[in-house]
Amino acid sequence: MRTYLVKRLLLIVPTLLGAATLVFLIMRVIPGDVALLIFGGDAAGHIDPKQLAAMREKLGLNDPLYVQFGTWLWGVVRFDFGTSLWTGQPVIEELLIRLPLSLELALFATMVSVVIAIPLGMLAAVRQDTWVDYVVRVFSIGGLAIPGFWVGILTILGLVIFFGWGPPLEFTPPWVDPWANFSMMVWPIVTVGYRFSAVTTRMTRSTVLEVLREDYIRTAWAKGLAERAVVIRHALKNSMLPVITLIGTEFAFLIGGLVVTETVFTLNGIGRFVVDAVAHRDYPVVQALIFLTAFSFVIVNLLVDLTYAWFDPRIRYG
Amino acid sequence: MAINVELTHTTATATLAPRAGTVEAVLRFVRTKPLGAAGAVIILGMLLVAASAGMLAPYDAYHADYGAQFSRPSAEHWFGTDEFGRDLMSRIMYGARIALFVGFTASFAGCTIGGLLGVMSAYLGGKVDLLLERFMDILLAFPQLILALAIASILGPAVQNVVIAIAIPIIPRAARVVRATALSVKENVYVEAVNALGATRRRVVLRHIVPNVVAPYIILLTAQLGGAILAEAALSYLGLGAAEPTPSWGLMLSGSALSYAEKAPWIPIFPGIAISLGVFGFNLFGDSLRDALDPKLRKG
């Protein structure tokens, strides 16, 4: 296990370095003059050259490219991403304020999705090509097809029309007032959770289907076990590992869900922070957030792989 | 004599086989995968509406009629009108063109570039493979929508930029799948045989490896289509896709749609149905196609 751990840890270093380089290239090099972009492009020559020069100086654009790259990398290592152009606060501080909301949303949405997905996916697999399977598949494919922001809009619309509900403006952490927190977060959680469950249901269905074709399942049937025992004790248990790890890897999907859902429900989390930063042309923030999503994605994948290796010796020694 | 009869018989079926086979395969697909067939019907309907939007649409999608702002759905305006008095049904019909255009071009470009890189990676192996794989790993480290968001924000809001922004995140995903298939194809005895017979690299890749990765490529392409249409809607909703007054479905749901929603709920409802139905059709079809083509999931 230790060799595997070390190998796996070493492997993420080049990936993260590459990700940092790619973000630098996308955000700094390809667009040409970032300072000009921040002012919205200079189509008619309205921009004050003094302001432009000041912005270039502030962003360090007058330094040679390798110095800029070095500064960026050194910042990344220390989690120092500069200051936001919009608020003037350090990017990392702005981010930490918004983190609890997004974490809560992500965590509970994952829980909701698992509670919906695993029984449904298993049921669909066991009854493949019957009406049960069709209903579950329509439900899950529907969850993937319906845009998250539209579900959000409809939910808000329904709540406003039937209950006179308005989205609260301030985030209340659960440890301050659990009820206020719940009434604010429950709809976004259900919205993200339903869409997320669609992915997990499909995965559960196909892994259970694959496991059901295995020899040991045929043996279990042959020795006359009841369907319950075959499905729950043999099939489900053996298909859970891939599903659990896939829930982890679908983290990326969750991030996408957060971006649109937080925007619809006007929740001040990380997802909305990205959208706002893009709208305000707040490049230091965009740069930091894109790198940090990649960073957390790589870490989540690492944890998933390690869990997998912990449970499945074939991987550790393979 | 008997041999002759048998010979003619074989040739006859051989010439007939592909045609009958295709029809039969379609019929079998409809019979065994009713959901997939339903998806195909939705896709065909969407293609038809997009192709003949000019004839079918009752109004000009861009024409603002300030006398008819916020009209409820009625006989004149089946889906009602928006805050500029534009006919929603016409806008949705023209919107199908944009959704299909972005969906097809982005997933085609992404899957093709990714697929070619995957074949190259698998066939050449060694350093090329290692470098390409590492590069794909780096691209894969970025969640799809976040990468698209970053690219779209740099390129600016326009339909062709949305295509690029959606296509790039598809590349590493396609490359990975196609590379894995190509690697296993490469190990087949027949590839070894044609190599031994002195076939050129070009011939081995084009005649023996590429045809064998076509199935996963097609599955991948259909699977990405729905996602690409959804991504276009999401980017437009976030203000990074098509710009007003383009009748993009996602754009029709953004900003003002929610503020007027209480007064005119039809404004957000119909474009949302259009997106969901379209993506649903592509996903149903893609899903059943995968089930039908992937031997691991075939029943029994």
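Mentor: A helix here is a DSSP run of H or I with at least four residues, numbered from the N terminus. The model before us is predicted.

Trainee: In which helix is A:Val13 found?

Mentor: A:Val13 belongs to α1 of chain A, which covers residues 2-29.

Trainee: How far apart are A:Val13 and A:Ala226 in space?

Mentor: Their C-alpha atoms are 50 Å apart, and 213 residues separate the two in sequence.

Trainee: What makes B:Ala234 a residue in contact with chain A?

Mentor: Contact requires C-beta atoms within 7 Å. B:Ala234 touches A:Pro147, A:Phe149 and A:Val260, among others. B:Ala234 is also one of the residues with the most contacts inside the largest nonpolar core, which has 143 residues. A second, separate core has 15 residues, including A:Ile118 and A:Leu236.

Trainee: How many residues of each chain take part in the contact between chain B and chain A?

Mentor: On chain B there are 40 residues, in contact with 44 residues of chain A. Helices α5, α6, α9 and α12 of chain B each supply at least two residues of that side of chain B. The largest share, nine residues, comes from α12(B).

Trainee: What is the make-up, by class, of the side of chain B that touches chain A?

Mentor: That side has 27 nonpolar residues, together with seven polar and six charged ones.

Methods: Residues are numbered from 1 along each chain as its sequence is written. Chains are lettered from A and ligands numbered from 1 in the order in which they are written. This is a predicted model: local features need pLDDT of at least 70, side-chain atom pairs count only at pLDDT 80 or more; totals for chains, interfaces and linings use all residues. Two residues are in contact if their C-beta atoms, placed from the backbone, lie within 7 Å. Ala, Val, Leu, Ile, Met, Phe, Trp, Tyr, Cys and Pro count as nonpolar, Asp, Glu, Lys and Arg as charged, and the others, Gly among them, as polar. A nonpolar core is a set of buried Ala, Val, Leu, Ile, Met, Phe, Trp, Tyr and Cys residues joined through C-beta atoms within 7 Å. A residue is buried if 20 or more other C-beta atoms lie within 10 Å of its own, exposed if 12 or fewer, and partly exposed in between; C-beta atoms are placed from the backbone. Lists of a residue's contacts leave out its neighbours within four places in sequence.
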